[in-house]
Amino acid sequence: MAALTVISRKPLSFVLPSMGLLGAVFGILMGMSLGNAGLGIVIGIITSVGFSYFSVLGAAKEKLVRFSLVFLALVAGYFSFGLAGMIAGGLWGWFYGWFVFWLFEGRYRARVHSYLTSGQVLWHFTFRVICGVVFTYLIAPIIVVIPLSFNAQDFFTFTPEMLNFDPAGYSLKHYHDFFYNNEWQRSFKNSLIIAPIATVISVTLGTLAAIGLSQSHVPFKRLITALLISPMIVPLIISATGMFFFYATVGNFLENSLGIDKNLVGYVKVILAHSVLGIPFVIITVTATLVGFDNSLTRASANMGAGPVKTFFKVQMPLIMPGVVAGGLFAFITSFDEVVVIMFVGSSKQKTLPWQMFIGLKEQISPTILAVATILVCMSIALLVTLELLRRRSERLRGLSPT
Amino acid sequence: MSVNPATAPLLSADGMPLKKSLGRALRRQKIRALMLIAPLLLFVFVAFIMPIVSMLFRSVENDIVADTLPQTVLELQSWDAELGELPPEVVYAALASDIKIAAKARKHTKVGLRLNYEQSGVASLFKKTARKAKKWDGDADAPFKEKLIEVHKSWGEIEIWQTLKVHSSNYTSGYFLNAIDMRKTVSGPEFQPEEKQVLILLFKRTLVMSLIIMGTCILLGYPVAWLLANLPARQANLLMILVLLPFWTSLLVRTSAWKVMLQQQGVINDLLVQLGLVADSARLVMINNETGTIVAMTHILLPFMILPMYSVMQTIPPTYLRAAKSLGATNWTAFWRVYFPQTVPGIGAGSILVFILAIGYYITPEIVGGSKGVFISNRIAYSILKSLNWGLGAALASILLVAVLVLYWTYDKIVGIDNVKLGG
């Protein structure tokens, strides 16, 4: 983004107190962890003002000054807290150097409109900090899980060895447990059986119905849409309760009257339940894609002699494919992630990965859960990337330039 | 025959009146659309709507007493429960014969269990009576009144007969009364004794906590949505990943992450102790209570708030704010009188979505909520899976379902269900 405002250096009477404030905050934290907050504040203010004064004096050689600040912080960090302290210190030194010159050179003004008052500029950056805190809240729990899954101990927190980057503090044993423990492997396999089949069912039926729904004259369109989307709106616990009664009856009928294998019936029940839950997502995404579909294309195709089936597969399908795949991904993740309905409908033979995690979290807490969680996070990142690529492809197909 | 061209119907190419021909085309189109929808509609109907209906049915169904003890129920009809007298000998004889038949068919435990929800101790009473009654031989052992009272003195107390009579009808409002902490008695519905009143409290808590979660979602989501809507597209897309990644991450992963973060020996407490903000002996209790549920559920539902707000804010031109300011509005007035009112639809959509999702949540409160942070849905699961009081579970779920449908209807009126957007 281009600079909006011409910047100018700020007086020391602004820079030094600001840096003093930063030093005071840092001093409080350091002081409290060492047991003397008051002393911490005083030392924090004095050192911060001192360092920033000397930095500003050397402003002509900014790079050198910032480099030496990082170096000093690295050394100080290493001698106080070891390797972890060195890394934290380095980051702090880098930030401190950047911040001093950001204030002194007035760089913070460059990207805001020149007519803003100081108060408005302050609010602008405070607002960004608030947003940063919310983003941290959103992402921190997911990030924290990843390093913890490599913990050599059976703890759910960082051990001193881990903080010092001691290789002995890390291990792959939880992953080993996941890949070699029968319980986990069986539930993983169940997840891989149930989710894809449920997805195929909901995508096939859902796509057909979405095409039907987006025709121009559909009687009772609102009512039908409401019915088809209802599995998404009705809370899972209610769907699960309903299915518990109904599917038990159906299951007993299949087993006793038709003599179908009990295990098979269990899978059928769970797959049917999961495909119903995935249908609203398919309907919503495919209908959304069909809104932008140009109906003259099907007419053109019919004009050239293609039957409805050929038109569907050769003309309509390739164009709505991104929507179908996106809907399929939603349906897949709904089933893959679902635990309430399956607990009510299935038996322990159909135990899936989330169910196993749920049991693990409720009863014997095992750190293997964190390893599984990390694998699932990687999976959702892959999913996110696929969806983004699909979105771009869809926009390209419709002749929009991707943003 | 001459045809007046002004009044004659327009004809299509094959000589049919155009109106008829168009009508037929329209009908064909409608049928084709319905044929495409039909398989799914049928599937959803069988696999989803019917289970829900069967649940509603379960919440009032009560044929077990009348089915297992038919003669007793019949004889009890002529007995006035409010007089305070024990029923006559015919009733005791009917009961003895009913229990004998039921014990042979092994159905006596079921009816005992059913009545045990209403009056504790009935289950064991039925078991004991059935064991004795098996050996009795028709009329030879009469009179049964003394015999039954001899087997268990409860048969000589009026409460058990009142319970039997009250719960003998095929359909009952008893489960719904239980669901709101009341019970059915001979003299009409009454409140449960104080120590058994938990469900209204749970409903209230579910409501209050869902509102709190909705409120925190608005507070945290609004600034983020504003930032995303006002940044240049490239930066906004990057930051959007931070919203969408949690959205796509498994619910169980996020819940276990919060368990890791919030535990007494967890990451946040360790950090606070390291920084000296909290003494090692006074670690914060942030899990297995309301705090745990609110923190974790706000995190899980926040994307559902941010995304609708974002899509509304994207459509508001930033020039409006500048125009307001150039006309002399202060920062606050410009925001509150010009920008904020335009974002209300987004807030409304997000709030209803978050609220609907929150009141039905089960997994997260179950894991991080302890006993103080659980919702009504946890009680439903407990009734169905643990205490096996299916009727009560179904009644609780039905009440929740009605609440959600009302909200759903509101959502449809305000936003329209076809406007639901997924993943930005």
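Chain B is divided into domain 1 (63-170) and domain 2 (199-419), with bounds that come from an automatic or database domain assignment. The C-alpha centres of these two domains of chain B lie 52 Å apart. The structure is a predicted model, in which local features need pLDDT of at least 70, side-chain atom pairs count only at pLDDT 80 or more, and totals for chains, interfaces and linings use all residues. Residues are numbered from 1 along each chain as its sequence is written, while chains are lettered from A and ligands numbered from 1 in the order in which they are written.

**Contact between the chains**

- Chain A contributes 82 residues to the contact and chain B contributes 80 residues, two residues being in contact if their C-beta atoms, placed from the backbone, lie within 7 Å.
- On the side of chain A that touches chain B, helix α4 (residues 118-148) of chain A gives the most, with 14 residues; helices (H or I, at least four residues) and strands (E, at least two) are DSSP runs, numbered from the N terminus.
- That side of chain A has 65 nonpolar, 15 polar and two charged residues. Here Ala, Val, Leu, Ile, Met, Phe, Trp, Tyr, Cys and Pro count as nonpolar, Asp, Glu, Lys and Arg as charged, and the others, Gly among them, as polar.

**Helix packing in chain A**

- The axes of helix α10 (residues 262-291) of chain A and helix α12 (residues 308-337) of chain A come within 8 Å and cross at roughly 155°. Axes are lines fitted to C-alpha atoms, for helices over the stretch in contact, and angles run from 0 to 180 degrees between N-to-C directions.
- Because of this angle, α10(A) is roughly antiparallel to α12(A), a term for angles over 145 degrees.
- The contact includes A:H274 and A:L277 of α10(A) and A:I320 and A:P322 of α12(A).
- By class, the residues of this contact of α10(A) with α12(A) are twelve nonpolar, nine polar and no charged.
- Helix α8 (residues 221-233) of chain A packs with α10(A) at an angle of about 120°, and their axes are 7 Å apart.
- A:L228, A:I229, A:P231 and A:M232 of α8(A) meet A:V276, A:L277, A:I279, A:P280, A:F281 and A:I283 of α10(A).
- The residues of the contact of α8(A) with α10(A) comprise ten nonpolar, no polar and no charged.

**A helix of chain B**

- In helix α8 (residues 158-166) of chain B, the buried residues are B:W161, B:Q162, B:T163, B:L164, B:K165 and B:V166; a residue is buried if 20 or more other C-beta atoms lie within 10 Å of its own.
- These buried residues of α8(B) pack against α3 (70-76), α5 (108-116) and β1 (182-185) of chain B.

Notes
Parallel < 35°, antiparallel > 145°, perpendicular 65-115°, else oblique. Buried ≥ 20, exposed ≤ 12 C-beta atoms within 10 Å, placed from the backbone.
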